[in-house]
Amino acid sequence: MGVMKTDLKAKTEGVANASLGSEGAASDFHIEQAARAANFGIWTFEGEALRFECDRRGTELLGLTEKTSEQRQAALRRIDFCPETFLKQEESDAPLEDGAIYRAWSFVTETGVKRYLATRALVSRDDQGRVSRISGVVWDETVAKESASQVLEKKKELETLLYVISHDLREPLRAIRSYSSLLQDRHGDSLDEQATEFVDRIRQGGERMSRLLDDVLNLSRIYQMNTEREQVPARGLVESALESLNHRIAETKAKIVVADDLPELRVNPVYAKQALTHLIGNALKFTRSGEAPELEIAPYGAGGDRVAGLVFKDRGPGIPEDRVERVFTLFQRGVGRDVEGTGAGLAIVRQIARKHGGELWHEPRESGGSQFTVTFAK
């Protein structure tokens, strides 16, 4: 085997005259039509004959048009897609595997444009285990790669912007809150009723802005969240979230029922608890007039082996169908400002769930109320 590899490698020194026709690998009409529909190029490397062939689309993708045989071979070597490439891999510690192989690479064209191509191929061997043929398809991933790069760049810019906003706006906000408090403390007795109301509104506005900035900072942290996870009993997370809301639960006389068969969740415990706290807090806030909150926390059992989650079923006023997606949008609310909150809670919960490979969604609860389901990948 090793001798044959060496012989093949030596032979490749004279492949300048190798066939690079436009029909050899695409002789089957149906294969050619399917490849054309998928915008693939078809290529074949005949190991013994050292013949590299590709169809018209492959010729275009590899930049082999309007070239002589020698120029084409040089072009293949320049972009590292030629017989030598595969022989080097065959002679490495990880030789080509029988069956499917995959390779993606980038190169700069002769006109200075960066291109990204990918190929998937099948390796065939003879009775002695020598590579007899490699047949594959090649396609262009330039647009997809550039789009992904732009999305990543924009995401980083957004994360930086969120962080800077949440920090840099705190200084003037601190001054507004501080001086409005000083004004009320030192000159409150000399202010008339209207002036006192104005100062109070400034104070309330400052407090609301502070909560909004907290949510913006929190969201920027979630975008950059460490996705390292551990297996945690959901009951422990729920109990911890309930404990943090203990005062509010007692104040509202809420009735909360937690199922016994809650699953284990593979999560970042800090952020998972935050998500559950938001969902429980919502059930405590959004209630029917004059009624104590009612909440049932149950396991989500429709995810099979892929996800695990919890269902939060309340008896609140529910959400109109035309406002369901609105409540998941940052700083958008399904209710008026008379209910405490910034409108960021559900957006934060959904982002936490998605960071864990899960999701958050709403359904109307039978006999009234809302049902929020949050899932996490196992």
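In this predicted model, tryptophan 43 and phenylalanine 81 are both buried. The ring centres of tryptophan 43 and phenylalanine 81 lie 5.2 Å apart with the planes at 85°, so the pair is edge-to-face. Distant parts of the chain are linked by this pair, since tryptophan 43 belongs to strand 1 (residues 41-46) and phenylalanine 81 to the loop between helix 4 and helix 5, 38 residues apart.

Phenylalanine 81 has a further partner in tryptophan 105, and here the pair is stacked, with 4.9 Å from centre to centre and 5° between the planes. Tryptophan 105 is in strand 3 (residues 99-108) and phenylalanine 81 in the loop between helix 4 and helix 5, so this pair ties together parts 24 residues apart in sequence. Tryptophan 105, like phenylalanine 81, is buried. One aromatic cluster is formed by Trp43, Phe52, Phe81 and Trp105. Tryptophan 105 also meets a charge: the charged end of arginine 103 sits over its ring, 4.7 Å from the centre.

Helix 4 spans residues 69-78, and Arg72, Gln73, Ala75 and Leu76 are buried in it. Viewed down the helix axis, the buried residues of helix 4 fall within an arc of 160°, so they line one face of the helix. Their packing partners are strand 2 (51-54) and helix 5 (83-90). After helix 4 comes aspartate 80, which has a positive phi, near 60°.

Methods. Residues numbered from 1 in each chain as written. Predicted model: local features only at pLDDT ≥ 70, side-chain atom pairs only at ≥ 80, totals over all residues. Heavy atoms only, no water. Buried < 20%, exposed > 50% of the residue type's maximum accessible area, 1.4 Å probe, protein only. Helix = DSSP H or I, 4+ residues; strand = E, 2+ residues; numbered from the N terminus. Arc of directions from axis to C-beta. Contact = heavy atoms within 4.5 Å. Phe/Tyr/Trp six-rings, centres within 6.5 Å; stacked < 30°, edge-to-face > 60°. Lys NZ or Arg CZ within 6 Å of the ring centre and 35° of its normal.
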